[in-house]
Amino acid sequence: MPAQPPSAVRRAVGNATAAALVVAGAMLASPAAAVDQGTVEGQPRKVVPGTGSLPSNVLVEDEVIVRWAEGVRGRDLDGLHRSTGVVVDDRLPNLEMDVLKVRSGVSVDAVIRSYERDPRVKFAEQGLRRYPQIVPNDTDFGDLWGLRNTGQTVGGIAGTNGADVDATTAWDTSLGGSSIANGVIVAVLDTGTRLAHEDLADKLWANPDEVVDGLDNDGNGYVDDIHGVNLTTGGSPNQVNGQCDQNGCPAHGTHVAGTIGAEFDNGLGVAGACPNCRIMSLRSNLSTGEIVEGFSYALEEGATIVNGSFGGPVWSKAERAAIMQAANQGVLFAFAAGNDALDNDMNSQSTSTGGISPSYPASYNVPGIIAVASSDNRDRYSTFSNWGRTSVDIAAPGTNVYSTMSVANNAYGFLSGTSMATPHIAGIAGLVRAHRPSLSPLQTVNALMRGVDQPSSLQLQTDAGAVGGDLTASQGRSDANSALTATTENATPDSDGFPTEANGITKSKNGSLAWPADVNDFFKKRLRKGATYEARLAVPPGKDFDLVVWTKAVKDTWQFTMGCYTGGACPQFRGGSFKGNGKDETVRFKAKYAGVHYFHATSYFSNGNYTMKVVKV
């Protein structure tokens, strides 16, 4: 980090590009406009529980997800469902979940309370809405600087030779399978894919047990799901109602699919990062219910990689549990880090975009997730990209990415965003999994992270100067060829920035924090039920540190559920102190249970030494 005043850094890192419109997790703009044309003033602000500002459409008003308790089957809850005024929209046995629709006039809060009281239910949660973030002879391959950068000019900006994922070299070793017919299956959970696109039609996964006859031939609950499923309607992704082969298919999902696996060496358009990968289309409106249903379908039908170019600010039990369940059964998840120029290691809000960090699902601390930041054609972090030394894993090309579009069957175009960076990683993961099929999702993530390039230019460009180094866990931009042979040694060493790796504290501990490398420290201590305790954080002069106390249920660094933002129930949060520069922080509380509590020291764009004390008063 350059020697710049923290206030200048804060002003700069909160800026967002002024020349692009953020839609569905991508920066939709012309190539020239997607490049930073200057910034607007804006500084991140802290998000204090109960005072955060969320978009009005984050909640899905009529959706509840229920996780069954251990040993319970879905049918065991049918009577409870009837009595609480809900209907089962989807039953997902492989995730041990039911997605429920709440009848009109029935209180969602009352429904959730009913389920939380029943011992057959592990948890119940209201749904949330996420938002979409060999050289071939393909005619427009020269525009794919992310796959091969020769210094070509894109959007008026000359690139840097080699600032790419080195895909063409990797293809000499792996194409994602010996042929398309047996290639790795990548599920694209997104806004839909134009299945008839000339560069995608021959790259689609085909369900071997289904035919188009209006029947559910394979008994999986979906009719005519040949190339995937439309999770919004429960039908095939290319059915007449809302099909993506007619007008109305958003550009986002088709663009993502093309970056992963557009047909290679066919004399048309573009090529995907994984030439022989097969695309499973999961069309969704990105509610929690449809997201977990998409995970369930991908797991059931053999996808080993899921691309999730979407995100949002609220922590979800159901989403996290579904990812954990599928990852444990061999599915790797690539998720977009977010487009708000925020640090996902912090809980803060951009005054420019309204976005809040951390962004989920990218920020869940779950093995098998790889969280993706965006880089540009000069090997710099994109001005819109989120970052995070412990919560974001890797960078990939995401500015001015050329790929398939859905405005017409055979259209192509430029988009920018972490949504565009993520499918590069999903495609490269396909190359690695085909070449080294014995690797687990976590081992594949380690290979991707261990195989990065670390160019000195990979820095965050701010008004205060360039900020480099500790902005992602790998501190690098993906390199497909290196990932094919990279070690699978743990690429994310233990960090006291997670509650699961907290250090014990008896009475007092000294520590230090330094943005951006080390923003969070966790300590744990067993407390007596009913006793009153005081946690104190002595802050270095002129620095802005904060103090948070969490219950034993906390799993991730910032586990703020919807109630934490709206002033409702915030179950894992026990108390916090969020004062300004140089002010010591204190939280006094009564222990409601006997056992471990967590004490969290966090830096707000600051560095220095502190002392944490936890005493009974």
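Welcome! The buried residues of helix H10 are Pro-441, Thr-444, Val-445, Asn-446, Ala-447, Leu-448 and Met-449, where buried means under 20% relative accessible area with a 1.4 Å probe and protein chains only (over 50% is exposed, and in between is partly exposed). Helices (H or I, at least four residues) and strands (E, at least two) are DSSP runs numbered from the N terminus. This is a predicted model, in which local features need pLDDT of at least 70 and side-chain atom pairs count only at pLDDT 80 or more, while totals for chains, interfaces and linings use all residues. Residues are numbered from 1 along each chain as its sequence is written, and side-chain values use heavy atoms, with hydrogens and water left out.

**Helix H10**
- H10 spans residues 441-450 and is mostly covered, with seven of its 10 residues buried.
- Its cover includes helices H8 (317-328), H9 (418-435) and H11 (480-483), along with strands E14 (332-336), E17 (369-375) and E18 (394-397); contact here means heavy atoms within 4.5 Å.

**The largest pocket**
- The volume of the largest pocket is about 660 Å³.
- A pocket is an open set of points on a 1 Å grid over the protein atoms alone, with protein on both sides within 12 Å along at least five of seven lines, and lining residues have an atom within 4 Å of a point. Points are joined across faces, edges and corners, and a volume is the space filled by probe spheres set on them.
- Among its 35 lining residues, Asn-365, Thr-390, Asp-393, Thr-492 and Phe-498 are the closest to the centre.
- H10 gives the most to this lining, with four residues.

**Glu-63**
- Glu-63 sits in strand E4 (residues 59-68) and, because its relative accessibility is 2%, counts as buried.
- Its side chain makes polar contacts with the side chains of Lys-101, at 3.5 Å, and Ser-287, at 3.2 Å.
- A polar contact is a pair of N or O atoms within 3.5 Å; within protein, one must be able to donate a hydrogen and the other to accept it, and residues adjacent in sequence count only if both atoms are side-chain atoms.

**Nonpolar cores**
- The largest nonpolar core has 60 residues, and those with the most contacts inside it are Met-97, Met-280, Leu-282, Phe-295, Phe-333 and Trp-550.

Methods
A nonpolar core is a set of buried Ala, Val, Leu, Ile, Met, Phe, Trp, Tyr and Cys residues joined through side-chain atoms within 4.5 Å. On a 1 Å grid over the protein atoms alone, a cavity is a set of points where a 1.4 Å probe fits but cannot get out, and a pocket is an open set with protein on both sides within 12 Å along at least five of seven lines; lining residues have an atom within 4 Å of a point.
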